[in-house]
Amino acid sequence: MQVDPIHQFQINNLIPLATMGGHQFNFTNSALMMFIIVGLISTLLIGATMPRAVVPGRLQAIAEISYEFVANTVKSSAGTEGMKFFPFVFTLFMFVLFANLIGLIPYSFTVTSQLIVTASLALLVFVIVVGYGFWRNGLHFLNLFVPKGVPKAILPAIVIIEVLSFLSRPVSHSVRLFANMLAGHITLQVFAGFIIMLAGAGILGVFGAVLPFIMVVLLTALELLVAFLQAYVFAILTCIYLNDAIHPGH
Amino acid sequence: MSDARENGDRDKQQTNEAALSARLQRLNESLGHARTGRSSDDPGADRATNAAGYAKGFRLSSELVAGVVVGAGLGWLIDRLLGISPWGLIIFLLLGFAAGVLNVMRTAGVVAGTALDDSTRGNRNQ
């Protein structure tokens, strides 16, 4: 029996919405998953904060811990002034975290394993950083590309390199999350496929299948860590980029 | 006579012990300083960088690749717009590589700059 490790990333059209200029617009399983994620986060957070208890219950504690966690991240990397971006960073963090975690459930769909989704999120951050940077600092924002104490002779080359380095941010920002999720899920699927193949190969194979099974259990634990870590890295990089918009040439 | 020698030995032993305990105390003190210094570091940054070397390695490699890819893409675009085919691609690929290396060194905290890493943040002008 063959297992196709790529099959889990397939986009299925659920409801056709419109046709525009020869392109079809559909409500896909990916879109459905995103609605589920947003619904789940909203229900959890709104429901958890409803009691407004002084001594938090379990759900309220989860909401408060996640709030404080992200708030500390924002404060430590973008300063107190960065707190005006807290709702944005918190939304990004929760969305990515839930997308990663829900993707680990068998037969579900991992939204963050689609490059277009992570690229959209990273570009959103990039546009906000550039827009806010120019709005707040005017042309001083361009100081970001002119490091101090560089000899005049090599300054043009350095500026071009700095600009390229800045432009490469959304690429690395999005590819990191996407590739981590993609690679992790393919690895899981391949090892799970080994179990089925070995178990189908007779009595000796059944004993052999124990090895990939242990591997899958360990990999699932690792993926759980990666799911959380990548959401955190995505959020902290957002904060660091926002910090550049708030304090350029700093 | 033997008494005197015994007394002398005991004194010597005591001074040795005193010196040893003093040294131990000093060692403890300096260790304590080192420990408090370490624990006062930003725990958030620690978590981000030390929790998994795997994540850090992946981060570094993606930074390098991103720099090269963006440089190549920009060079290709300039070639198409200005019609100076291979030169834009060649020059911007090299510049992109330089940008990628800069990204990696910043992420690793080797070079201070527009820090991608918490620990080097705010050192741009120093």
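1. Chain B contains four helices and zero strands, where helices (H or I, at least four residues) and strands (E, at least two) are DSSP runs numbered from the N terminus. Its elements follow the order α-α-α-α from the N terminus. The model is predicted, so that local features need pLDDT of at least 70 and side-chain atom pairs count only at pLDDT 80 or more, while totals for chains, interfaces and linings use all residues. Residues are numbered from 1 along each chain as its sequence is written, and chains are lettered from A and ligands numbered from 1 in the order in which they are written.

2. Chain A has seven helices and two strands, and its elements, read from the N terminus, run β-β-α-α-α-α-α-α-α. Along the principal axes, the C-alpha atoms of chain A fill a box of roughly 75 × 55 × 45 Å.

3. Of the 250 residues in chain A, 32% are buried, and for the 126 residues of chain B the share is 25%; a residue is buried if 20 or more other C-beta atoms lie within 10 Å of its own, exposed if 12 or fewer, and partly exposed in between, with C-beta atoms placed from the backbone. In chain B, residues 24 or more positions apart account for 46% of the contacts with a separation of 6 or more.

4. Between the chains, helix H5 (residues 155-199) of chain A packs with helix H3 (residues 53-82) of chain B at an angle of about 130°, their axes lying 7 Å apart. Because of that angle, H5(A) is oblique to H3(B); angles under 35 degrees count as roughly parallel, over 145 as roughly antiparallel, 65 to 115 as roughly perpendicular and the rest as oblique. Axes here are lines fitted to C-alpha atoms, for helices over the stretch in contact, and angles run from 0 to 180 degrees between N-to-C directions. Among the residues making this contact are Leu164(A), Val171(A) and Arg176(A) of H5(A), with Phe58(B), Glu63(B) and Leu74(B) of H3(B). By class, the contact has nine nonpolar, seven polar and three charged residues, where Ala, Val, Leu, Ile, Met, Phe, Trp, Tyr, Cys and Pro count as nonpolar, Asp, Glu, Lys and Arg as charged, and the others, Gly among them, as polar.

5. Within chain B, the axes of H3(B) and H4(B) come within 7 Å and cross at roughly 155°, which makes H3(B) roughly antiparallel to H4(B). The contact of H3(B) with H4(B) has 20 nonpolar, eight polar and three charged residues.

6. The largest nonpolar core has 54 residues, of which Phe93(A), Val96(A) and Ala235(A) touch the most other members; such a core is a set of buried Ala, Val, Leu, Ile, Met, Phe, Trp, Tyr and Cys residues joined through C-beta atoms within 7 Å. Elements giving two or more residues to this core include helix H7 (210-246) of chain A and helix H4 (87-108) of chain B, and H7(A) supplies the largest share, 14 residues. Not counting residues up to four places away in sequence, Phe93(A) touches Val70(A), Ala231(A) and Ala235(A).

7. Phe86(A) lies in helix H3 of chain A and counts as partly exposed because it has 17 C-beta neighbours inside 10 Å. Leaving aside neighbours within four places in sequence, Phe86(A) is in contact with Ala71(A) and Val74(A).

Definitions and conventions. Contact = placed C-beta atoms within 7 Å.
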